[in-house]
Amino acid sequence: PSCFGYPLSIFFIVVNEFCERFSYYGMRAVLVLYFKYFLQWDDNLSTAIYHTFVALCYLTPILGALIADSWLGKFKTIVSLSIVYTIGQAVMAVSSINDLTDHNRDGSPDNVSVHIALSMVGLILIALGTGGIKPCVAAFGGDQFEDDQEKQRTRFFSIFYLSINAGSLLSTIITPILRAQECGIHSKQRCYPLAFGVPAALMAVALVVFIVGSKMYKKVQPQGNVMIQVCKCVGFAIKNRFRHRSKEFPKREHWLDWASEKYDKRLIAQTKMVLKVLFLYIPLPMFWALFDQQGSRWTLQATTMDGNFGAIQIQPDQMQTVNPILIIIMVPVVDAVVYPLIKKCKINFTPLRKITVGMFLASLAFVAAALLQVQIDKTLPVFPAAGQSQIKIINLGTDGATVQFEPQLQSVNVMPMESTGYMTFETSQLQLLNIISGNKTTTKVIKLPGENRHTLGVKNNATGIVAELLFDNVTSKPEEGNNLIRFINNLPNTINVTMGDTSFGRLESLSASNYNLFPGGRKDNIMVITNSMSCSVISKALGFGSAYTIVINKCSADTLDITYSEDIPPNTVHMAWQIPQYFILTCAEVVFSVTGLEFSYSQAPSNMKAVLQAGWLLTVAVGNIIVLIVAGASKLSEQWAEYVLFAALLLAVCIIFAVMAYFYTYVDPNEIEAQFDEEEKKQAKKDQEVYEKQAEADSRM
């Protein structure tokens, strides 16, 4: 059955691929934040495990190709590994259910190791599944066409790539939105089960769709794997060369010619071409090392930024969508506009030059990321180091106050109802505080625990100066753009405070509540209940990632009078500033990735495509392993310095590649194939003649 001149089975394959890519990229988009916020890992461990997973996903395709070509055939491989994959996605969704081990219902898992174990099992199954299917699906689609449908086949691959990008684009937009929802049975938190559950459901759909089309597929029998032949041929050549290492044996033109005793000339010639291309692949992993950090380091960078785009609030993991959106725009633009323009300028933009430019651009993108990181670092708060303490002062009274930090460290004036920023002191030196307000003075002896932040509330009352030293239990900036908020009761009597749905409980006069976490950028209703009345006010929109102390000054029938004191400044660098680095990296991907595979296929015989695809995927896997090594070995504490290091490494590799490319000579595999065909014909003719002569001689006898 066919439709628009295409085999009908193709539509099942395209839908299957769309669902599979949606499932994979959706899960991958929220993965690093799942590690960080749910499993509570630090940035470095999250990055390391993320890249280990991606590397696995690109190593397993080689396994998948071997299984399909030598044993099960493509159809059975796709089905059986899709089942493994679906189970993996389901396990991943279960591992992120907080209520699974949260017996005390405080909103965080009691037994994190159960969740870690489950998610690692899930990730391994997913890596096996996605990797095993990857090389089979595209090739299986190609198998559906007859030999005379070359044009349709090419068009199919374009549609196929479009479905990959559409799947990854939609899922990178949708799964972070699902993650940002609040859900949970006993306590509300970020909805990871939904963010992993939807990809799992889509994977199940992909599997069903693929099986439904089963009757229509053209199923090619497994034909043995070229990779194994190539490896055997290379192995035999090396062994044979080693056996004949003494001087008396004549040299051969190329070391692979030592395989000619056992393998035919054609395979040897093809292997030479493949190895020539694979040699060029050696520098390529460095590109992927930078490219794949979009999902790890760049997403973590976005968590420290301001995602407020006016009407909509962007999640940090949604910034990754910039890449697929730009790809969909850039590929046609580059093909239709940029390349023809370069051609007009009489520049010969060869495939290898394109790849070199791609590497250069990627390293430029990381320079942009480093510059941005420097700007972000300026906005991050500095917390007290070992041996230091920090104090800020809030004046709760109606008179100005002066606080002297003794012995002779510093003296600060604070206006009425105002507050200072945090001041840093050596814990061991600070012993006394002298507080002068109005015409009164008081002295407070203090002994601080060190390495903490404190707030000093000062008020000149009728009875004298009240000075309360509060302990600020905050050691880092609020994550995910959330706000930390606490209240100080500046009324004479005890009150009850609620903000939104969160109750802060009873607050004595001149005491402070603990900090509570709120979603960023919202305006909430603050309600205060005193003995005699209740009053409320809508808070101002507090900036993303900030912490505030809200002082309650006056509660009258209609209004509540409050002042805000900023403890941690909000994220001020806007997420839109990440767009330039994404744009440069996408340009790099367009000239690098698209060209790379086309070039490989043009430089080797058609039956060797599987070997080249394996080599290409291997470069991605090695690239992700490089991230682990570099990030682990370089003990760089500054994130911007790590970005610069990666940029420098890629630049060095880019120069090496340019030199290699300069010495590369392009070949036309078809010509070489034709020569062999020609020789075989001649040989056959000769054999025929010999046979005929022999037959003639026989008949005479």
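Ground rules first. Residues are numbered from 1 along each chain as its sequence is written, and side-chain values use heavy atoms, with hydrogens and water left out. Because the model is predicted, local features need pLDDT of at least 70, side-chain atom pairs count only at pLDDT 80 or more, and totals for chains, interfaces and linings use all residues.

Now the sheet. Four strands form an open, mixed sheet, in the order S10-S7-S13-S14. Strands are DSSP runs of E, at least two residues, and helices are runs of H or I, at least four, numbered from the N terminus. Two strands pair if DSSP finds at least two bridges between them. S10 (423–426) and S14 (465–472) are the edges; each has a single partner strand, so one side of each lacks a neighbour in the sheet. S7, residues 388–395, pairs antiparallel with S10 over four bridges. There, Ile391 stands opposite Met423.

On to the rings. Phe, Tyr and Trp rings (six-membered ring for Trp) pair if their centres lie within 6.5 Å; planes under 30 degrees apart are stacked, over 60 edge-to-face, the rest tilted. The count is 38 aromatic pairs. Phe287 and Phe592 are stacked, at 3.8 Å centre to centre and 15° between planes. Phe287 is in helix H9 and Phe592 in helix H13, so the pair ties together parts 305 residues apart in sequence.
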